[in-house]
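Colleague: Please put the model up, and then I will ask about two parts of it.

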Amino acid sequence: MNKNTNRRDLLASAGMSLAGLLAAINLKDQRLLANPAKPDLIGKSFNNSEKPSPKTAKAKAMISLWMQGGPSQIDMFDPKEELMKRDGETFPGDIKYDNAAQASSKIMAPPWKFRAHGECGMEMSELVPNMGSIADDITLIRSMHTGVNNHGQSIRAMNSGTTAAMHPVLGSWLTYGLGGQTSSLPPYMALIDPGQLPVDGVGNWHNGYLPSIYQGTVIRPTEPRILNLTPPIRLEGSPQKRLLSYLQELNQSDLQRKPGEFDYQARIDMYELAARMQTAAVEAMDLSGETQETKMLYGIDRPETKDFGTRCLIARRMIERGVRFVQVFTQNQFWDHHGSILKSLPNACKKVDQPSAALVTDLKRRGLLEETIVHWGGEMGRLPVIQNDTGSQNVGRDHNTYGFSQWVAGGGFKGGYIHGATDEFGHKAVEDIVNHYDYHHTLFHLFGLDPEALYFEHNGQKRKLIETDQSKIITKLLA
Amino acid sequence: MKNFCLLACFVTFLASAVQLSAAGSVSFEKDVRPILKAHCFHCHGEEEELGGGLDLRLKRLMLSGGDSGPALIESQPDQSLLVEYLTSGLMPPEDVAVRPSQQEITTIINWIANGAVIEGVEPATIDRGFYITEKERQFWSFKPVFRPSLPTVSNPQLAANSIDLFLLARLDEVELSYSSQASRETLIRRASLDLTGLPPDPQAVQHFVNNTDPAAYENLIDQLLGSPQYGERWGRHWLDAAGYADSEGQADADVERPWAYFYRDYVVKSFNQGKPYDQFVQEQLAGDELMGGQFADMNAEQVEQLTGTGYLRMVADGTGSGAGHDEGRNAVVSDTLKMVTTSLTGLTVGCAQCHNHRYDPISQKDYYRIRAIFEPAMNWKSWKAPQNRQVSLYTNTDRETKASTEAQIKEIEAERVKKQQEYIDATFNKEIAKLPEDVQQSVRDAHAVAEKERSEEQKALIKKYPSTVVTPGNLYLFDRPASDDLKTFTQRQTELREELKPEEFLRALSEPAAEPPVTYVFSRGNFDSPLDPVEPGELSVLSGLATVEIPTNEESRSTTGRRLAFAELLTSGEHPLVARVMVNRIWSHHFGTGIVDTPGDFGFLGGRPTHPELLDWLAHEFVQSGWNIKHIHRLIMTSTAYQQTSTRNDQGNEVDRQKRLLWSMPVRRMESEAVRDSILAVSGMLDQQMAGKAVPVMADRTGQWVIGKENLNAGRPGPVIDMQGQEYRRSLYVQVRRSRPLAVLEPFDLPELAPNCTKRPSSTVSTQSLELLNSDFVTAQARFFAVRLSKLSQDIETQVSVAWRLAFSKEITDEKKAAAIEFVTQMQALLTKQYEEKQLNDDPVIDSVAVFCQALISSNQFLYIE
């Protein structure tokens, strides 16, 4: 990154908040210096009820379609004439490979045709025709950058703001800051794939050092999607209602015996949530009320799109019912096409292209897109050169975290807009680079949150999602 | 250039504003140096090479500056390069993710603006590299333990023992005092759950409540400390700190550790025996060295000592399942060091693996000195995978018995083969005799030729007379008595094999007698980039406190003696952390929070003791008592503080909401194991069998991890195998498979093994409520509970009264009893209707009581220790 840019941005923001800064020096700092920060949390109470909505908030909820492994921006989103011209020639610049043993410097042009979509003329390849159909609703960012070339670290950068493990993830921070908008469902849900868990496993929805109520609730990929959600048949209906009312009587009397015991109060709340979840979550995951047209829109009628389409539709239904953050995961290394890319990339696209586009279309026609951010992307993209140059059946592309694409829609993001650019080979981001810090800062801004103000005291330190004070809002992305 | 001017203007403005408003002073030692240490020293002072020729560790070195000139100009932050670089973000370099905050930079600006004052005199010389300031050496947890004199308090009559004096003195300061004493019922329930993890049975409660002997409470504690369930409960606490698991982790297969349980049982037994903590630590760190390192023919004591080293074999270890490479091996070593240092010394020494510790005075070299203590036994260059390092528990006698048995089996086999041939020959002859006489010889001849060499004619002949083909496999068709006789030989062999003691193994640590490896400092923690060799040794900041020397290679032993010396150093009684950390751990399990609330971090980022003198007094008392853990339990539990009621009052809430000062007894939610075990105890299903192999965990049809023997058929669950009561054993004995957290336990927080757990979270989430309302486990146990009650009486009033006693250890009040009877009666009506409608065959009478029982075990009063 360019140092001058950095400094300019820093000064701009520091200058603007100078008054605040001085006030802090006058009041807060002296006081803080006198008393070392207390890391203690015991006795504090945390809950998932809705926090006062920030006035500036454009977005109220978010669905992240998490494409783990590194979808090839070269073949899907980022056409380059230069690659077409120089297909098979030697790549002229430096490249960082993950797999040196299979590395080559031979340029590989995308074998798929690109064409312009929508009024905005956004170019995408024939692999993702359905995403093309929502071009006017999305912002395509072609200049993503994390700069850490491994899956684990880059996943964490994109999903939890830092490359270190077990840092609270984005969903945990959002629910910590905002709570849920419903008291009948957990505010943060992770919809996992029936295949293997993605790299980093449960770390992908882990609350890290935040209280565990901010952990994502896993929705299992097959029935029963939430365990213990249905009462035993013997107790269904009025017997269970009576059980709950008696149990709450007992709990209330315990609270009267031990007034001020936050945990006792919290458990009373949790029984109420659990009782509501029994109906609300079952209802939210029951797709029988959806029309045939909607199901077909998501591709639930076809085997290749059935699973992902179902989960995208559940995600919409959750958001509709007030869940704050939903992340839909692809399986382990779903997009990690080091080899056989000519066959496996089209297969991967067939699974997600239609459902992903359907989600945006469906949210829009229901008037939900305005307040809901949809994110489609993963932790990296791929290189413009061949990996494993041993025949067209085998060729693939290696990791690239220096320039990759993702798209976002709704919730205050601009539609029909392409942001940033990679170099002439689609390799490194060079224009309007978006790193994970700035991306997260922009998301927070749309939710009306200040990443500096949303902190959690842990071991005497104020920990935040963005642990640098040099992140910025990317105003060009905003509608 | 334009940018720079802007910057200068900004800083000037800021600095003058600061000067105008500067109130209290900023301390270099306390406020500024930690910031510089965290963000700058790594390149500017502590590495061999000085970044930009600049050393920031002393003020005078900042004044003399580096290649770009002075870093600091007193009282002029706007002229100081240090401020410019930090403010502009030029430093730390852009690739460093952890950045100084605006607040930290402001602190530095403040300090300079106020004249950059330092306390005391800076050292005249300072070595390149790590430098520990006097202030750091004086940090509370590094100072020797000192037995403080007892404070005087305003209400000495409230003190049952010395612990109370320290607590009351602190309460006096904030004008609080103790709450009243808890009821007898509460006390016995609290003490039982604390010491055994199980509620007291109603007879014990009644006996205690009516016992007027002044020593009744002390006797109760002694009795609980003497029960075998004590070791199960407190052993489990220790297993958290040790990172106990019955599987290797790392790979997806998550390979099982079939023998880890010996270490679990060793821990339980050690607590039950009241093994002195110094011995317990020594055995775990160096049991192999203590027992002489000869594994062929161990006696019981040697086995016990060696089993202790299982402690050092508990972290995740993928080196036998695909991660046998250098990285995987080094990960095991570094995780083990993390586990050891956090569990025993409460220091995050692991943070100094790649660079000097950012906050604590622990250098990278220190880290590798500690590593050198363990490397002879955990040599990454000469590594054995877990399956290849098991130690057989066979003694020489066992081996001899086995050899002679094997020989016997062989003899029987020879006899059997001989006998078999005789039977075959006899049958063959009989069958030949049945043939027409003229062919008898030619058939006999055909059989005499090896099968491959037979002529077509001979083959045809044999085909024609198939009854002459007599084999070991078909002999029984010809001669049943003969085959039965042969079976007796096999039977005898099987019996002999079964008589043999099965060969079992220890998952233990041992050190080869070979020349010890050289340990190097790894540049940035990377094993590919070794720097200087280091000798084994204690952390610099603690050196000189305990006087045990750690040898490089103790000639008198087959091993290096490094771990043994380290263990002796830790347990010498002079080490400032070991006793403090352990008494704090004991305290935290009695009161919910430690005197230091970060039991695994006594460093700069950890919590500070709420009662530093009390902690020292306890640590000293612990060592004096011969490291007697049960003595500390007794002291704590006989204090007035422990016997208070847990009811809050406004005054206390206002001053100390978290009850850190113990003006009232904290209320604690039971850990997941105690929740499950207590449910089993009240339902009457608990199987108290101790020790032995882990009870296995498998996936049920919904994918939940439940207790059971895996019985997969093409990847799908096959028929359920009866667990014969094993499924009702205490949670301690359920397999800790890293990838398979038991569904019943998971919602109530399990220890997260990263690589060990020094403090468990206690969450309150809806999945706990869903489990208590709907899970098979809870509804089944509630029904067992009801069946238990129905065996006692058919009378609802008696049933609810007994249930109340069992679940809450107290008598039900009349008002509660009326509500309970009403509930059960109504429930019976509701269920009768429900069962008719849904055509269910269950019994609404028992089930209505079961629902009542379910309400009791789901309620706060059951789940919390008050």
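Modeller: A crossing of two helices is right-handed if the near helix is turned clockwise from the far one by less than a right angle, and left-handed if anticlockwise. Keep in mind that this is a predicted model.

Colleague: In which hand does α11(A) pass α12(A)?

Modeller: Helix α11 of chain A covers residues 303-320, and helix α12 of chain A covers residues 341-365. By the clockwise rule, the crossing of α11(A) with α12(A) is right-handed.

Colleague: Are α11(A) and α12(A) roughly parallel or roughly perpendicular to each other?

Modeller: The two helices pack with their axes 8 Å apart, at an angle of about 25°. Angles under 35 degrees count as roughly parallel. Therefore α11(A) and α12(A) are roughly parallel.

Colleague: How many residues of the contact of α11(A) with α12(A) are nonpolar?

Modeller: From α11(A), the contact includes A:Phe308 and A:Cys312, and from α12(A) it includes A:Val352 and A:Leu359. Of the residues in this contact, five are charged, four are polar and the nonpolar ones number eight.

Colleague: Is strand β5 of chain A largely enclosed or exposed?

Modeller: A residue is buried if 20 or more other C-beta atoms lie within 10 Å of its own. Eight of the eight residues of β5(A), residues 138-145, are buried, so the strand is largely enclosed.

Colleague: Which residue in β13(A) is the bridge partner of A:Met144?

Modeller: β5(A) runs antiparallel to strand β13 of chain A, residues 404-409, and five bridges join them. With β14(A), residues 417-419, β5(A) instead runs parallel, over three bridges. In β13(A), the partner of A:Met144 is A:Phe404.

Conventions
Residues numbered from 1 in each chain as written. Chains lettered and ligands numbered in written order. Predicted model: local features only at pLDDT ≥ 70, side-chain atom pairs only at ≥ 80, totals over all residues. Axes fitted to C-alpha atoms, helices over the stretch in contact; angles between N-to-C directions. Helix = DSSP H or I, 4+ residues; strand = E, 2+ residues; numbered from the N terminus. Parallel < 35°, antiparallel > 145°, perpendicular 65-115°, else oblique. Contact = placed C-beta atoms within 7 Å. Nonpolar A, V, L, I, M, F, W, Y, C, P; charged D, E, K, R; others polar. Buried ≥ 20, exposed ≤ 12 C-beta atoms within 10 Å, placed from the backbone. Pairing = 2+ DSSP bridges.
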